[in-house]
Amino acid sequence: MPKKNLKRLDLIFKNELDGEQILEKTIKRSKQDIINDLIISGLKGRGGAGYPTGLKWKLAGESEGDMKYVICNADEGEPGTFKDREILTQVPMKVLIGMAVCAKVIGAHQGFIYLRGEYKFLLDNLNEVIDDFHVLLNKIGFDFRVKVFLGSGAYICGEESALFESMEGHRGEPRNKPPYPTQSGYRKMPTVINNVETLAHTYSIFKYGPDKFKDLGVQDSRGSKVFSVSGDTPTPGIYELEFGMSLQKFVEDFGDGDAKAVQVGGASGFCVPRKKFGRTVIGYQGKLTGESLPTGGSMMIFNSSRSMYNVLHNYLEFFVEESCGQCTPCRVGTQQLLLGIEAVKRGERPSEYLDKLLKLAENMRVTAKCGLGQSVANSFSSIVENFKEEMIY
Amino acid sequence: MSKINLVIDHIQVSVESGSTILEAAKKMNIKIPTLCHHEDLCVAGNCRVCMVEQVGSDRLLPSCATPAAEGMEILTNSLKVRNARKSVIELLVSEHRAECTRCYKNGTCELQHLSSEYLIGEDSLIDLVPLKEFTIDYFSPSIIKDDSKCIRCQRCVRSCDQLQNIGALSVAYKGQKMKIASFFEKPMYEVVCTNCGQCVNRCPTGALIERNYIDEVWSAINDPQKHLVVQTAPAVRIALGEALGMEPGKIVTGKMVAALRRLGFDSVLDTDFSADLTIIEEGNELLQRLKGALVDKDPNVKLPMTTSCSPGWIKYIEHMYPQLLGNVSTAKSPQQMFGALAKTYYANKINVEPENMVSVSVMPCTAKKYEANRPEMHSSGYKDVDLVLTTRELARMIQQAGIDFLALENEEYDSIMGMSTGAAVIFGATGGVMEAALRTAYEVVTGRDVPFDGLNILPVRGMEEVKEASIKIENPLPAWAFLDGVELKTCVAHGLANAKKVMDRVVKGEANYHFIEIMACPGGCLGGGGQPIPTNKEIREKRTRAIYEEDAGKPIRKSHENPEVIKIYDEFLVKPLGHKSHELLHTSYTERNRY
């Protein structure tokens, strides 16, 4: 186990048996109080985009709609991310209670967990917990039901509006925004969609109060974060760590002593080379981890035996296949980036072609319809710029 | 409605709440390029060509899909915007089989146009086309679908779904394999496609085009053994000019006739003649059905009766409501009535052997190509209509022949089968068949004109999706005494999505109409799949005005008063719904599957 000076936490996975009291206590409070607590806590979406959770609930609460919905986004598809699986396995009740409180705040009676297709093995266990949860809701007389909706394996369905489309029986394609889900989400009704981890964190905030949560982390990045650590590490796994650590410290603790790069935020995140470890802080403020699409917290460590060309190639192959194909920059741009680096590697295009590809990636970032196409540039540009020689030779 | 104030390219503008940035810019005469956007269709926002910059915002916005908001500062022509647009166009060109000089849409392709505007160079991105396998579906007699030219804008998908409520085309696969596909990627002629061509009308590239028969027609013209008969549909004469550089809504009947003669057609005749004939046959069929239902109380008589002149509608009902085929008038469409008479009555008149006759039609329609190829359409003993051209193809032939269309003097149709009435002209607009039928049927029954000022039955005109009208029959002639006091209830729908609304009510027994007119295309034939591109509501309204103008200017405006129609019954057909009529002018339908 790593032993150095990282602040290790045990909030999320702590098995707390007081769910009933916490729920009962919380839903008796006023909507405004609950929202204020969330806003004070500084909790931001743990799916990667980092939208303030309190604000999201507030907006959905203010929207008009015949029905409202709470959806837990468990379509954890970002390469290198596997923390939501663990949360749903270890402490699903915390997530469900977070959903119930949200339902109370916004006025919803139906919730869904959109479970990644590949996590089907969690389904039976999850349904059992949901049954217990429904018993609990009946007991305290709160009208709310949760159903699991199983995805079918498309990465893009983790994008919230594509997720709604998928749930509605359509092709999983992102919608135009605005309107945002808080105005028009599932079935065009006001919807709160939160990541699994976000909902689990709300439980801690309801239990321990917003100040405790806020004490953790650094400015603008409050609380703890569950990280999925993988790659060239002797200690792969899931770790709950405080926001604000430097990548240097992270690598010292988790690396194998030979780390040359860390990919923060999965295929749609950023690649940080060794020389920038010291300057890079993990948290929303530092931009890093803030851009990843379906989930945050993927930390992939690469040591000097790895070809960063192969790493990038692998990511691009992933995007070429997982783009929904709807918008031009993402559908065609991903193919061009992949074929482009191959052509440069083979010497069929000059090394300057990489500059054209960097411009293309930047244009994809500003023109693509959803987070997928917009964030391809993150890994592409950070890998190509920092490891240019590896792309060419 | 409340107003939104924003600034576009440093100029203040005020637009209605709910307007998009694209609409706001248009108001200021700023043209933002678009590809997936189409005025007739819902917003897609997927091509990303129309991107604009919002000052202070990092990412660009799709102007077609972004509502204008108070205080927005928009730049439509910043460096960032131009770079982004060029990049998107470059990407589209890289996945598009850009063999422009060999493409049917050369010169009319929207991608080609944009790529020229943005100077897409040769040293561009990697050409993706040779790296992929593409399907070109050229098995349909109406529509060719070439995936290698598709830019996935989904205008076709939206046309088929929204305007027609069919979904013959939809999106399949994802990522690099994403494509527009028919059901299980079967050929278009095997799936529930009505051949209406609304997708063709809206495809920005050459991915969906009509199957053209230009070369076949030229070959026939060149064959001295052949006598070429051409018929022109009502809606062609009010739209052809658009494809030859004229403004929408110009009537070019006389010039078109002159052009057809110069192209080398031996007999230049008019589908309007057989439209008048259709009214006689269909009108009498309706009266016969009414008699059967009201007097004979025959349970086998099917009402409401629907029209049958739109081949897109026919294919649609064969697939979607096969149980209602008995409600469809058995009268053939004017094109096919004409074809059957051309190779019998007309051939005999002009002393030409029917096997030496080539019967060509010019139609606003791609479904007519399919209709002409139906196996049952051989009543003359030959293929009744040999070759069907769209309005667009005729325009192309006129260009190929070097004819200065605008300079042509007006000429008259040949006689016989060239004379028509105002009632026939309005077949080209939604509600027109209904109006023409009522003008005749009412007079047949009562001996008086329809009780509408100037014969203009306004309730059935216009672009409303579903129109209803009723006429109370009073003091009929003795033969029609059973209709005294009957309120004849009619309904008109255009676009198959609207047809579905009406037919679902018929199925449920909620529609107590006697007669329903359905046209497959929005606005009727004037908005047909073979008409000049582009199409939009404004253009269709201009074409509509031209049609009613042509009607109003006709000396005869009731089908049963067409002297050539009277003559053909005297000389040949004997009587409406008679033996000869059944042989040549009526048809039967085929039940088809929904999948």
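Which residues of chain A are linked in a network of salt bridges? In this predicted model, the network is made up of A:Arg46, A:Lys83, A:Asp84, A:Glu197 and A:Lys225. Side chains of opposite charge can pair when their charged atoms come close, and the structure holds 66 salt bridges over all chains.

| Salt bridge | N to O distance |
|---|---|
| B:Lys145 and B:Asp147 | 2.9 Å |
| B:Asp414 and B:Arg261 | 2.9 Å |
| B:Arg592 and B:Glu318 | 2.6 Å |

In the pair formed by B:Lys145 and B:Asp147, B:Lys145 is buried at a relative accessible area of 9%, and B:Asp147 is likewise buried at 8%.

The salt bridge between B:Asp414 and B:Arg261 links distant parts of the chain, since B:Asp414 lies in the loop between helix H13 (391-400) and helix H14 (422-425), whereas B:Arg261 belongs to helix H8 (residues 253-263), 153 residues apart. B:Asp414 counts as partly exposed at 22%, as does B:Arg261 at 26%.

B:Arg592 and B:Glu318 also form a salt bridge, and this pair spans 274 residues, from the segment after helix H19 (579-584) to helix H10 (residues 311-320) of chain B. Here B:Arg592 is partly exposed at 21% relative accessibility, while B:Glu318 is buried at 0%.

Returning to chain A, A:Arg175 sits in the loop between helix H7 (160-167) and strand S4 (191-195). A:Arg175 counts as buried because its relative accessible area is 15%, which is under 20%. Its side chain makes a polar contact of 2.6 Å with that of A:Glu165, and the residues touched by A:Arg175 include A:Phe164, A:Glu168, A:Lys188 and A:Lys369.

Terms used: Residues are numbered from 1 along each chain as its sequence is written. Chains are lettered from A and ligands numbered from 1 in the order in which they are written. This is a predicted model: local features need pLDDT of at least 70, side-chain atom pairs count only at pLDDT 80 or more; totals for chains, interfaces and linings use all residues. Side-chain values use heavy atoms; hydrogens and water are left out. Helices (H or I, at least four residues) and strands (E, at least two) are DSSP runs, numbered from the N terminus. Buried means under 20% relative accessible area, exposed over 50%, partly exposed in between (1.4 Å probe, protein chains only). A polar contact is a pair of N or O atoms within 3.5 Å; within protein, one must be able to donate a hydrogen and the other to accept it, and residues adjacent in sequence count only if both atoms are side-chain atoms. Contact means heavy atoms within 4.5 Å. A salt bridge is a side-chain nitrogen of Lys or Arg within 4 Å of a carboxyl oxygen of Asp or Glu. Lists of a residue's contacts leave out its neighbours within four places in sequence.
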